[in-house]
Amino acid sequence: MILAQVAAAARSAAALPLTLAVAAVDVDADVELTAGSDGSDGGGSVGVDDTVVLPVASASKLLLLAEVARRLDAGELRADAVVPIEDEDVTGGTGLLRRLSRPRAGAGAGAGAGAGGGADGCGWTVEDLAWLTASVSDNTATNALLRTVGLPATERLARNLGLDRLTLHDRVRDVRGPGIAPVFATGTARDLARLVALAVRGDLVTPGASARLLAWMRSNTDHGLVPALVQHDPYAECFPGPLPGGLLVANKTGTDTGVRADAGVLIGTRRVAYAVIAHWDVALGPSTERAAVHAIREVGRALAAGALRGEPATCALLRQAGG
């Protein structure tokens, strides 16, 4: 992986009025992926402002999905268990669930139908909600899953995995006021990239949980950031195996006011786990948002070049790029 290209692409944004945090891990490098690693040990990782804590919007839903995957694999939760959609779950923004016709627990369903979670059409299964959260970042599905597993469980999982600065603070809301967390989630590019790398290696608690999370990520329909300028096949059935001569992507994006984030894996001749977060002051106008998206896409080009090259990553290249 040509880490110099990734670092250079990230550092080119330094002149822009925004923060661009980038982390990349060459999953196939022969090193242990340890919490807090900055690549100074010669391992296959690179970071530019990757320890800066920033709002990460819906990219953080990977942590929620990881906890759901862990519970399903451990038998603590059934994939076909029906979760009622409560009125408090329903929110605007991305997603399809609130636009679909299946009734919610508090929207005219028969007494006990929603609360009991029975398979009578009132509610959706855990697996349904996970696919909706991963594929279209459904905020209502996210809230229903988060209510099912609880915020403390996501925090425990993050700490157990060594992701000390990745935190879900609250459910998704249309309006945030006094006494409510100002953002849905915060984190670092390093922690997001590490979460993905653990899944790619099969070390996200168990191989089964890892595979389930990657399958959900593969269904994501938003390829407008890191993969936008990169030729890739979103439907190849060989995933998570490589596509001969091609590139595969599995990711989760996040969008909020002044925030764009993308965390995922590029699979070519090498597997590159990554996270890119852009944060800026919206008072600077739409041109800054366009610059942020352009910068993320340029980093995506560099990441793809690394995934399609056979040579191992070296930190010396990063140091050369950083001067």
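1. The model is a predicted one. The buried set consists of Asn139, Thr140, Ala141, Thr142, Asn143, Ala144, Leu145, Leu146 and Val149. The cover over these residues includes helix H2 (61-74), strand S4 (82-83), helix H4 (126-136), helix H6 (151-160) and strand S6.

2. Both ends of H5 have a local feature to check. At the start of H5, a side-chain oxygen of aspartate 138 comes to within 3.0 Å of the backbone nitrogen of threonine 140. Just after H5, glycine 150 has a positive phi of about 90°.

3. Serine 137 sits in the loop between H4 and H5. Its phi is near 50°, a positive value in a residue other than glycine. Because its relative accessibility is 9%, under the 20% cut-off, serine 137 counts as buried.

4. Alanine 57 is a second case of this kind, with phi near 50°, positive in a residue other than glycine. Alanine 57 belongs to the loop between S3 and H2. Its relative accessibility is 7%, so alanine 57 counts as buried. For both residues, I would look at the backbone in the viewer.

5. The largest nonpolar core has 66 residues, and Val68, Leu129, Leu213 and Trp216 are the ones that touch the most other members. Helix H7 (residues 189-201) gives the most to this core, with nine residues. A second, separate core of 29 residues includes Leu225, Val272, Ile296 and Ala304.

6. Which residues does leucine 129 touch, not counting those up to four places away in sequence? They are Val83, Ile85, Leu97, Trp124, Ala141, Ala144 and Leu145. Among these, Ala141, Ala144 and Leu145 are also listed as buried residues of H5. An α-helix has 3.6 residues a turn, so residues three or four places apart point the same way.

7. Valine 272, a member of the second core, lies in strand S10 (residues 271-280). At 0% relative accessibility, valine 272 counts as buried.

8. Strand S1 (residues 18-26) is largely enclosed by the rest of the structure, because eight of its nine residues are buried. S1 pairs with S10 in the antiparallel sense over nine bridges, and the bridge partner of alanine 23 in S10 is alanine 275. S1 also pairs with strand S2 (residues 45-48), again antiparallel, over four bridges. In that pairing valine 22 stands opposite valine 48. In a regular strand the side chains alternate between the two faces of the sheet.

9. The C-alpha atoms of valine 48 and valine 276 are separated by 9.6 Å, although the two residues are 228 residues apart along the chain.

10. There is also an open sheet of three strands, in the order S3-S7-S6 and with antiparallel pairing. Its edge strands are S3 (54-55) and S6 (167-168), each of which pairs on one side only. S3 and strand S7 (residues 185-187) pair over two bridges, and leucine 54 stands opposite glycine 187 in S7. S6 is also among the elements that cover the buried residues of H5.

11. Threonine 288 is part of helix H9 (residues 286-307). At 5% relative accessibility, threonine 288 counts as buried. Leaving aside neighbours within four places in sequence, threonine 288 is in contact with Pro17, Leu18 and Trp280.

12. Finally, the peptide bond from phenylalanine 239 to proline 240 is cis, with omega near 5°. Proline 240 lies in the loop between helix H8 (207-218) and strand S8 (248-256).

Definitions and conventions:
Residues are numbered from 1 along each chain as its sequence is written. This is a predicted model: local features need pLDDT of at least 70, side-chain atom pairs count only at pLDDT 80 or more; totals for chains, interfaces and linings use all residues. Side-chain values use heavy atoms; hydrogens and water are left out. Buried means under 20% relative accessible area, exposed over 50%, partly exposed in between (1.4 Å probe, protein chains only). Two strands pair if DSSP finds at least two bridges between them. Contact means heavy atoms within 4.5 Å. A polar contact is a pair of N or O atoms within 3.5 Å; within protein, one must be able to donate a hydrogen and the other to accept it, and residues adjacent in sequence count only if both atoms are side-chain atoms. A nonpolar core is a set of buried Ala, Val, Leu, Ile, Met, Phe, Trp, Tyr and Cys residues joined through side-chain atoms within 4.5 Å.
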